Amino acid sequence: KYSHIREYVNNISVKLGMPEWLTELDRSLRDREVLNIIYPVGDPIFINIYKAPGIEPSYVAIEPKLSDRERDLLEKIQKKIVKIATESLYTKDFEELKETLEGLYDKVVTIGKRSLFNNQKIVLRNREEYEKLKYFLIRERLGFGKLEPLIRDPYIEDIHTLGVGPLWIVHRIFGTLKTNIEFVSDDELNKYVIKYSEIVERPVSEARPISDAILPDGSRVNFIFGKDISLHGSSFTIRKFTTRPLSITQLIYYGTFSPEEAAYLWLAIEHGMNIFVIGET
């Protein structure tokens, strides 16, 4: 269905062998010394995690790539949509906004050849190009840009970057991993931080270089802008939340605390005692 995942699997198989396809991950995977897995996080994005003796553990987000021609097409599509967009976009409901944007997209593009009925539309080569450009349109307008794979991945707890370079994540199973997603310049990183801090209505600037906010999915984010207070330049940290809260029994199983400590907290809460949690996040 997706040429980008087929091409990636062919390439990685030459280097590391055929990856193992999984739809769910469990904590037993962390004990493997050699690992090469791929799992989906929502079409058309897939994640490859691999590690082996002598090879640095890596997290690779696999998503379509735009050619120069497709970048130009996407720019034209966005400009055309702006011209014809008359629908009300006041709603903050993601699904409604997505449906409206997809409708506008279909109004300005066509697959194949122009006809008398669609001679004003932008012509796309085939269905694959149609789906690819629609993905990037949604990703850039309603999603999180190049962070989209990381935001979608339910196994990520933390996303952070400190200046220009690769993003790092804390994975629920594999711990801290370097990703293949990176900011290549201060200008690119600054634009990203400004754009997304404005989207969550906590804009950063030289006058207000630090901002804390809540993302639409409930995740917490901290933005730092510029080099005035950060030697490495702009940065951000996103603390994601699991869709299913951890239970007390899971926390005991993970070794977060002992059964006795859990029982003590249980009794304290049950009897309305005051509890202070002190220290860093």
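This briefing describes the aromatic pairs, the ring-facing charges and the overall build of one protein. The model is predicted. The protein contains eight helices and twelve strands, and eleven aromatic pairs occur in the structure.

- The ring centres of Trp21 and Phe46 lie 5.9 Å apart with the planes at 50°, so the pair is classed as tilted; an edge-to-face pair would need planes over 60 degrees apart.
- Trp21 belongs to strand 1 (residues 20-21) and Phe46 to strand 3 (residues 46-52), so this pair ties together parts that are 25 residues apart in sequence.
- Trp21 is partly exposed, its relative accessible area being 49%.
- Phe46 has a relative accessibility of 7% and counts as buried, the cut-off for that class being under 20%.

**The pair Phe183 and Phe236**

- Phe183 and Phe236 make an edge-to-face aromatic pair, with 6.1 Å from centre to centre and 90° between the planes.
- Phe183 is found in strand 9 (residues 175-183) and Phe236 in strand 12 (residues 235-239), so the pair ties together parts that are 53 residues apart in sequence.
- Both Phe183 and Phe236 are buried.

**The aromatic cluster**

- One aromatic cluster is formed by Phe144, Phe183, Tyr192, Tyr196 and Phe236.
- The edge-to-face partners Phe183 and Phe236 are thus both among the members of this cluster.

**Charges over ring faces**

- Lys146 lies over the face of Phe183, at 5.0 Å from the ring centre; Phe183 is also one of the residues of the aromatic cluster.
- Arg27 is placed over the face of Tyr254, and here the distance to the ring centre is 3.5 Å.

**Overall dimensions and packing**

- The C-alpha trace of the protein spans about 75 × 50 × 40 Å along its principal axes.
- Of the 281 residues in the protein, 40% are buried.
- Among contacts in the protein with a separation of 6 or more, 46% are between residues 24 or more positions apart.

**Surface and charge**

- The protein has an accessible surface of about 17,600 Å², and carbon and sulfur atoms account for 54% of this surface.
- There are 39 positive and 42 negative side chains in the protein, and the centres of these two sets are 7 Å apart.

Key:
Residues are numbered from 1 along each chain as its sequence is written. This is a predicted model: local features need pLDDT of at least 70, side-chain atom pairs count only at pLDDT 80 or more; totals for chains, interfaces and linings use all residues. Side-chain values use heavy atoms; hydrogens and water are left out. Rings of Phe, Tyr and Trp (its six-membered ring) pair if their centres lie within 6.5 Å; planes under 30 degrees apart count as stacked, over 60 as edge-to-face and the rest as tilted. Helices (H or I, at least four residues) and strands (E, at least two) are DSSP runs, numbered from the N terminus. Buried means under 20% relative accessible area, exposed over 50%, partly exposed in between (1.4 Å probe, protein chains only). A charge sits over a ring if NZ of Lys or CZ of Arg is within 6 Å of the ring centre and within 35 degrees of the ring normal. Contact means heavy atoms within 4.5 Å. Accessible areas come from the Shrake-Rupley method with a 1.4 Å probe; for residues, only the protein chains shown count as cover. Lys and Arg count as positive and Asp and Glu as negative; His and the chain ends are not counted. The place of a charge is taken as NZ of Lys, CZ of Arg, CG of Asp or CD of Glu.
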